[in-house]
Amino acid sequence: MAPPPIAPVAAALLLAAALALASLHGAAATGVFQVHRKFTRAAGEGGANITVHLAHDVSRHGRLLAAADVPLGGLGLPTGSGLYYTKIEIGTPPKQYHVQVDTGSDILWVNCISCDKCPKKSGLGIDLTLYDPKGSSSGSTVSCEQEFCVATYGDKLPGCKASIPCEYSVTYGDGSSTTGYFVTDSLQYNQVSGDGQTRYGNANVTLGCGAQQGGDLGSTNQALDGIVGFGESNTSMLSQLAAAGEVKKIFSHCLDTISGGGIFAIGDVVQPKVKTTPLIPNMPHYNVKMKSIDVGGTALQLPPHIFETGEKKGTIIDSGTTLTYLPELVYKDIMAKIFEKHQDMTFRSIQDFLCFQYHGSVDDGFPKITFHFEGDLGLHVYPHDYFFQNGDDLYCFGFQNGGLQSKDGRDMVLLGDLVLSNKVVVYDLENQVIGWTDYNCSSSIKVKDDKTGASYTVNAHDISSAWRRQWQESLIPLLVTTVCSYLIF
């Protein structure tokens with residue numbers, strides 16, 4: 001959910017972030033956040049919920065083309081998954097907020113006490129909290145004259161006075177929106193202090209105070225307190241913490257679709273070892289260079305233009321998209337190879353997904369797909385990854401034909417949660433590389449604490465387990481709202 005570039009003011013934004021955090025110095029530490037899925041899959045659930053992923057991803061496409069411990073929870077399968085969220089604490093005294101985690105958007109914002117049409121309760125079984133800047137002794141409003149605002153807009157806004165707050169607006173692909181103003185306040189997060197241990201870290205960050213919500217952001221069913229973006233912009237929480245010397249600009253996730261939950265950490269991952277591929281520079285998203293694709297060990301014979309990079313083409317890694325989208329030619333070639341030994345297979349369409357009846361293990365009956373990237377990095381996608389079960393012995397294909405999606409996205413490869421799950425994925429923004437390796441996301445990883453030089457274990461978490469049973473009993477199909485563009489007025 002990365003926003004389009006606002007203005008060529010990266011250096012100024014970095015300076016602004018550093019000024020906002022000037023009181024915080026020292027070597028970078030590691031941290032973790034507890035994160036889990038908004039929606040979880042119910043055992044034996046039918047196909048009632050799977051269309052939310054298409055609606056979610058289509059909205060996301062419209063936008064895509066325009067050491068801390070983050071404890072993870074939820075279950076990311078297409079029959080009932082949504083976006084991930086975590087718990088953070090803001091203010092003095094600190095109050096807890098549940099915010100959606102998005103690796104593609106940038107700002108952190110939460111609903112404010114003055115918010116119009118903000119939900120007062122959530123169908124997710126969590127308690128919502130409205131942020132009150134005046135109720136926090138460490139909170140202060142960012143005026144339009146302050147350096148952060150001037151850097152964000154590239155200049156002082158016309159008519160700006162010291163008493164006028166610095167405003168922001170985020171627009172969502174389904175028409176939902178949030179507007180508000182920037183504040184600076186204290187953020188508490190889990191800083192890694194030992195094997196499986198954390199202590200509170202504290203830093204001042206500039207965040208959005210949501211004053212008005214539109215569309216589905218006001219829905220009670222899917223309500224959260226806000227969104228935290230892990231994009232590359234200097235306005236992101238990660239960039240601000242890194243500019244203050246609190247953390248390194250490196251984060252990783254391991255999304256567990258087997259047991260639920262997983263791992264989300266900030267800092268250098270030292271175990272497992274992860275091979276990387278370069279991020280394509282000067283791109284608003286996590287774009288990488290794909291070299292080839294093979295199915296069952298046989299390379300697909302694809303024209304060179306399929307692997308070209310540029311505007312409206314190339315490959316994007318996006319953990320906020322649920323499914324995987326391929327150019328029509330690639331989609332058809334992969335389909336042909338996957339079902340090469342099943343010519344008599346009978347297919348049926350269930351809510352725009354291609355589904356079929358199959359008895360036995362799909363991993364034994366269908367081939368592995370490998371996407372090959374620059375730097376000799378392979379992304380292995382197994383049948384249990386690209387198929388998802390949608391009832392007894394009924395399987396559906398989690399890849400989509402990009403040619404049937406938006407015209408701007410038909411030549412793009414978009415790799416979402418379906419193929420990124422059950423892997424440690426590392427986003428090393430300091431060295432501008434991204435990498436992954438197959439992994440048991442119910443286990444643990446080791447991250448380096450740059451303050452001490454020690455390596456500590458970060459365990460998997462599932463903070464959704466307490467409410468999952470209640471949620472599964474309700475089986476309410478919900479629409480996932482995602483950021484499509486980031487607009488500052």
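Select Thr 370 and His 380: their side chains are joined by a polar contact of 3.2 Å. Keep in mind that this is a predicted model.

Stay on Thr 370, which sits in strand E22, residues 369–373. Thr 370 counts as buried because its relative accessibility is 3%, and buried means under 20%. Now show its surroundings. Leaving aside residues up to four places away in sequence, Thr 370 touches Ser 292, Ile 293, Asp 294, Gly 378, Leu 379 and His 380.

Next, turn to the charged pairs. Side chains of opposite charge can pair when their charged atoms come close.

Select Lys 275 and Asp 376, a salt bridge whose closest N and O atoms are 3.7 Å apart. Lys 275 is in strand E14 (residues 275–278) and Asp 376 in the loop between E22 and strand E23 (377–381), so the pair ties together parts 101 residues apart in sequence. Lys 275 is partly exposed at 45% relative accessibility, while Asp 376 is exposed at 62%.

Move to Lys 313 and Glu 308, whose side chains form a salt bridge of 3.1 Å, N to O. Lys 313 is partly exposed at 30% relative accessibility, and Glu 308 is partly exposed at 36%.

Finish at Lys 423 and Asp 438, a salt bridge with its closest N and O atoms 3.9 Å apart. This pair links strand E28 (residues 423–428), which holds Lys 423, to strand E29 (residues 433–438), which holds Asp 438; the two residues are 15 apart. Lys 423 is buried, with a relative accessible area of 1%, whereas Asp 438 is partly exposed at 33%.

Terms used. Residues are numbered from 1 along each chain as its sequence is written. This is a predicted model: local features need pLDDT of at least 70, side-chain atom pairs count only at pLDDT 80 or more; totals for chains, interfaces and linings use all residues. Side-chain values use heavy atoms; hydrogens and water are left out. Helices (H or I, at least four residues) and strands (E, at least two) are DSSP runs, numbered from the N terminus. Buried means under 20% relative accessible area, exposed over 50%, partly exposed in between (1.4 Å probe, protein chains only). A polar contact is a pair of N or O atoms within 3.5 Å; within protein, one must be able to donate a hydrogen and the other to accept it, and residues adjacent in sequence count only if both atoms are side-chain atoms. Contact means heavy atoms within 4.5 Å. A salt bridge is a side-chain nitrogen of Lys or Arg within 4 Å of a carboxyl oxygen of Asp or Glu.
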